[in-house]
Amino acid sequence: MKKLLILSLLALVALVPVEAKKKVQPQLTDREYWCQEAWKMAQPVLENMAKGELQKNMKTEFSPSFDNRNRKVVYMETFGRLMAGIAPWLTLPDDDSAEGQQRKQLREWALASYKNSVDPDSPDYLCWGVSGQNLVDAAYIAESFIRAYDALWVPLDQQTKDRYISEFKKLRSIEPPYTNWFLFSSIIESFIAKAAGLAEYDDFRVMMTIRKVEEWYVGDGWYADGPVFAFDYYSSYVFHAMYLETLQNMIDAKANTRLEYKKYYDRALKRAQKFSIILERFISPEGTFPVIGRSTPYRMAAIQPLAMMAWKQTLPQELSNGQVRAALTAVMHRMYDQQNNYNDAGYLTIGFCGSQPETADWYTNNGSLYMTSLSLMPLGLPADHPFWTDAAEPWTQVKAWGGQPFPKDHRWADDIQTKDRW
């Protein structure tokens, strides 16, 4: 009976038309899958914006409780957040591979989009300075320049560069709330210091941010969002990445102030490494992570520090390339394969895993959601890097729940002390 059943199944397979068999897609490598998802996310935005047609063609969505701010902020949110995530990928040199061709195309579209976003005569000139929200998303644009300085900032024409510096300076009129928003000011000002010179930046906005971030550090890799701790992912969304980048910009600019930026950077890096260990442990054997706090539609931005440590090749010794890649890929498949995260025009839709508009906060639009691209930073490592070539390994929760040996976790204390130089 069993033999007869097997023969029947084989016969059915033989009857499948040849054309149908051809439609079976070969299994993608992890990197090919990541590139596929990055292209899907970026292509509709950058192709339209490069032609000055993003504001004409983007299908926008807003939170049911969206406040009375200018709704055109959606376009700056979309562009800035997307570019902050894919910028590392665009730093890789051109090649003739399918990925290389896509990457080259995205870079060309991105450079045209950067120009349009500050050109008052372009239909895609962004709404600089019309809302406090602009401070946030200008910071992500600045962050994209920081992450791909030679590939995305240096090639811009001088007029476009001057326009950016001018627009960034105008944002000083926006008073940041007493929260993570301080880092949006510091990332912009420290970028000005690096790109335009120390005479052009506002030192106080950088110094005050650094002092406040240090005050708000609560230990074991976590930052409080202001004076009061909130159990959410703002240590991921903003604190670790923008703090490290602010400090690195000041080092690059050779700023001479009261602060020893290199010591601050080294300590902040250790905190980010500890937090990346926590994030890796948050990833379940099924490729999910806890849905906590506000701004959950930012999706995989919750994993940004882990992705950043991988891209910067500064993963702590407790985490291997193989296990981090496997864990991040599992989350990506779980989030993007099983639900429709895009609207019918190809733009991200409000939700965490699929279309879930009820998850939106009062400041959420579907441009906000491009924060999820921040998890794509390891694409900035070349295809022959061990992050991509090392064999996949089980991550911590797979080991723990599978009865395998797994490492203990202990509190990390700061071992670098800082004091003012004078």
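## Before you start

Because the model is predicted, local features need pLDDT of at least 70 and side-chain atom pairs count only at pLDDT 80 or more, while totals for chains, interfaces and linings use all residues. Residues are numbered from 1 along each chain as its sequence is written, and side-chain values use heavy atoms, with hydrogens and water left out.

## The nonpolar core

The largest nonpolar core holds 135 residues. Here a nonpolar core is a set of buried Ala, Val, Leu, Ile, Met, Phe, Trp, Tyr and Cys residues joined through side-chain atoms within 4.5 Å; buried means under 20% relative accessible area, exposed over 50%, and partly exposed in between, with a 1.4 Å probe and protein chains only. The residues with the most contacts inside this core are Leu-46, Tyr-114, Trp-128, Ile-141, Tyr-164, Phe-168 and Ile-188. Its largest share, 11 residues, comes from helix 5 (residues 73-90). Helices (H or I, at least four residues) and strands (E, at least two) are DSSP runs, numbered from the N terminus.

Leaving aside residues up to four places away in sequence, Tyr-114 touches Phe-79, Met-83, Ile-141, Ser-144, Phe-145, Leu-152, Leu-156, Thr-160 and Tyr-164. A contact means heavy atoms within 4.5 Å. In soluble globular proteins, nonpolar side chains tend to be buried together.

At the start of helix 11, a side-chain oxygen of Asp-202 comes to within 3.1 Å of the backbone nitrogen of Phe-204. Asp-202 also forms a salt bridge with Arg-205, with the closest N and O atoms 3.0 Å apart. A salt bridge is a side-chain nitrogen of Lys or Arg within 4 Å of a carboxyl oxygen of Asp or Glu.

Glu-214 lies in helix 11 too. With 18% relative accessibility, Glu-214 counts as buried. Its contacts, apart from residues up to four places away in sequence, are Tyr-243, Tyr-264, Arg-267 and Arg-271. The side chains of Glu-214 and Arg-271 make a polar contact at 3.1 Å. A polar contact is a pair of N or O atoms within 3.5 Å; within protein, one must be able to donate a hydrogen and the other to accept it, and residues adjacent in sequence count only if both atoms are side-chain atoms.

## Residues in loops

Ser-295 sits in the loop between helix 13 and helix 14 (304-311). This serine is buried, with a relative accessible area of 1%, and a polar contact of 2.6 Å joins its side chain to that of Tyr-234.

Where is Asp-157 placed? You will find Asp-157 in the loop between helix 8 (149-153) and helix 9 (158-170). The Asp-157 side chain reaches the backbone nitrogen of Gln-159 at 3.2 Å and makes a polar contact with the side chain of Thr-160 at 2.8 Å.

Lys-254 has a positive phi, near 60°, in a residue other than glycine. Lys-254 belongs to the loop between helix 12 and helix 13 and is exposed, with a relative accessible area of 69%.

## Salt bridges

How many salt bridges does the structure hold? There are 27. One of them pairs Arg-172 with Glu-189, whose closest N and O atoms are 2.8 Å apart. Arg-172 lies in the loop between helix 9 and helix 10 and Glu-189 in helix 10, so the pair ties together parts that are 17 residues apart in sequence.

Lys-194 and Asp-252 meet in another salt bridge, at 3.2 Å from N to O. Lys-194 is in helix 10 and Asp-252 in helix 12, so this pair links parts that are 58 residues apart in sequence. Lys-194 is partly exposed at 25% relative accessible area, and Asp-252 is partly exposed at 33%. Salt bridges that share partners also join Arg-31, Asp-95, Glu-99 and Arg-103 into one network.
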